[in-house]
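Me: I have a chain to go through. Can you walk me through it once it is up?

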Amino acid sequence: MSGNGVVKKVADAAAKAGKAIDWDGLGKMLVSEEARKEFATLRCTFEDVNHQLQTKFSQEPKPIDWEYYRKGIGSKVVDMYKEAYERHRDPKYVDTVTPQYKPKFDALLVEMKEAEKVSLKESERIEKEIAEMKEMKKKISTMTADEYFAKHPELKQKFDDEIRNDYWGY
């Protein structure tokens, strides 16, 4: 396989990978404005590189016009280059790296999925806590101590214990 054939395969693989990426879904997971900007930059860069691979590197090269060079340089030199060109074979690439790292990558994917689940649960908890705080902020000016302690029985127990033990904080 020629070097250009390898490049064509890489270009085709990049095109398939680009179609498989759920850019909108990934974008929805981002929480900060800075992350969104970085993500937009990544997406543009990926699309630029993918476009270059599809246009520049996926085309077959034009065949060499040996007759044109024979007229300008001379037959002997051109025939020598043509013979060397036709003998040349690009070495076949043998991937020895992927088998080494595939199990590690798969383990990291599993770990990432678990971390994602933990993160989503923590996000839910924080969102709930924020909603409670917003509700508390609205009601705090009219709330009685009994209403507050009904929501926070552990604090009522703490204060009752302090009063019972005659501990007044000084």
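Reply: A term to begin with: rings of Phe, Tyr and Trp (its six-membered ring) pair if their centres lie within 6.5 Å; planes under 30 degrees apart are stacked, over 60 edge-to-face, the rest tilted. By that rule, ring pairs link W23, F39 and F46 into a cluster. This is a predicted model: local features need pLDDT of at least 70, side-chain atom pairs pLDDT 80 or more, while totals for chains, interfaces and linings use all residues. Residues are numbered from 1 along each chain as its sequence is written, and side-chain values use heavy atoms, without hydrogens and water.

Me: How many aromatic pairs does the structure hold?

Reply: Six. In one of them, Y148 and F149 have ring centres 6.1 Å apart and planes at 65°, so they sit edge-to-face. F149 also pairs with F159: centres 5.7 Å apart, planes at 65°, so edge-to-face.

Me: Where do F149 and F159 sit?

Reply: F149 is in helix α7 (residues 145-151) and F159 in helix α8, ten residues apart, so the pair links distant parts of the chain. Helices here are DSSP runs of H or I, at least four residues, and strands are E runs of at least two, numbered from the N terminus.

Me: New topic. Which residues form the nonpolar patch on the surface?

Reply: I64, Y68, Y69, I73, V77, M80, Y81 and Y85, with about 880 Å² of accessible area together (Shrake-Rupley, 1.4 Å probe; for residues, only the protein chains shown count as cover). Nonpolar side chains (Val, Leu, Ile, Met, Phe, Trp, Tyr) join within 5 Å, like charges within 9 Å.

Me: Which helix gives the largest share?

Reply: α5, with four residues. α4 (66-72) and α5 (75-87) each supply at least two. Y68 is in α4 and counts as exposed at 55%.

Me: And how many helices and strands overall?

Reply: Eight helices, zero strands. Buried residues make up 11% of the 170.

Notes
Patches are made of residues with over 30% relative accessible area and no salt bridge: like charges are joined within 9 Å, nonpolar side chains (Val, Leu, Ile, Met, Phe, Trp, Tyr) within 5 Å. A salt bridge is a side-chain nitrogen of Lys or Arg within 4 Å of a carboxyl oxygen of Asp or Glu. Buried means under 20% relative accessible area, exposed over 50%, partly exposed in between (1.4 Å probe, protein chains only).
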